[in-house]
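User: Please take a close look at the pockets in this model. Keep it brisk, and give the cut-offs behind each term.

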Amino acid sequence: ELSIYDAASGQYRPYLNGISGAYVNFSRDGQWITYVSHPEGALWRSRVDGSQRMQLTFPPMGPVLNPQWSPDGRLIVFTEWDAKGTKIYVVPADGGSSMLLLAVDFHPGDPNWSPDGKSIAYGGSDLYRRTETEIRILNLETKQSRTIPGSQHMFSPRWSPDGRFIAALSNDMLRLFLYEFGTDRWTELPLPNKRQAGWPAWSHDSRYLYLMSNSDIYRVRASDGRVDLEASTRDIEITDPIWGGGWFGLTPDERLMVLRDRGIDELYALDLAYR
């Protein structure tokens, strides 16, 4: 059940009719969403009120991860995840065939649009040469990728809405970095409690990064690294379509979303009679 955090009460309540979906992303105008259904792992899009719902991916395509609307609202980029590796596709938001963008040996993932829609940042590593992770930028006009200098041992890139920065995590998920295009330099920001963090998400004014660490969701100020606790998921069960360990996202007005596990586990005792 997709749920939203109510900061006033400290409670989570159903959101967008409580759809069973995660990796929710909003179009720039805030009128559309794309999400991945749980447990099927299929890509969907709809109006925010649930109308005009359409499935965009189908078997045999594997589970979908981290879909993102293009700035013009025409395309959705996403990662296909399966046992053989990962691939990055784009699909028209109105439905149609998915177009493969990246695959080969690099194990690409976490695609993010540049604010002008002309490039995509992504992470990955060479599976066959066993190279370390790094961050690359794909130019959609030339179809050529370049590696961001100094991005070795990093993954999970997130392009800031103002276009100034790319945030990334170290491949052990214990360090957070910012790359600034104006200076071509990386700087490190503190992570809460020196524990693994995931699902970085920018605030819409590019001033803050939100992250999940050890069942808590934090906000890190990009200018000076100040860390604030925003919410906790310790009192509820959360999940996601691929790993089941939990995901969170942001609404256009920066409220926190999670996929709440509403399933029930039951324990039975059986009496056996041997004949």
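Analyst: The lining of the largest pocket splits into 18 nonpolar, twelve polar and two charged residues. Here nonpolar covers Ala, Val, Leu, Ile, Met, Phe, Trp, Tyr, Cys and Pro; charged covers Asp, Glu, Lys and Arg; the others, Gly among them, are polar. The model is predicted, so local features need pLDDT of at least 70 and side-chain atom pairs pLDDT 80 or more, while totals for chains, interfaces and linings use all residues. Numbering runs from 1 along each chain as its sequence is written, and side-chain values use heavy atoms, without hydrogens or water.

The largest pocket holds about 850 Å³ of space. Its lining has 32 residues, and N25, F26, Q68, P161 and H204 are the closest to its centre. Two or more lining residues come from each of β3 (21-26), β7 (64-69), β11 (109-113), β15 (154-159), β19 (198-202) and β23 (248-250).

A few terms. On a 1 Å grid over the protein atoms alone, a pocket is an open set of points with protein on both sides within 12 Å along at least five of seven lines, probed at 1.4 Å; lining residues have an atom within 4 Å of a point. Grid points join across faces, edges and corners, and the volume is the space filled by probe spheres set on them. Strands are DSSP runs of E, at least two residues, numbered from the N terminus.

Now the second largest pocket. Its volume is about 710 Å³. It too is lined by 32 residues, with D110, F155, M173, W199 and W243 closest to its centre. The elements giving two or more residues are β8 (75-82), β11, β12 (119-124), β15, β19 and β20 (208-213). β15 supplies the largest share, three residues. By class, this lining has twelve nonpolar, 17 polar and three charged residues.

W199 is not a glycine, yet its phi is positive, about 55 degrees. Most residues other than glycine have a negative phi.

With a relative accessible area of 32%, S215 is partly exposed.

Notes
Helices (H or I, at least four residues) and strands (E, at least two) are DSSP runs, numbered from the N terminus. Buried means under 20% relative accessible area, exposed over 50%, partly exposed in between (1.4 Å probe, protein chains only).
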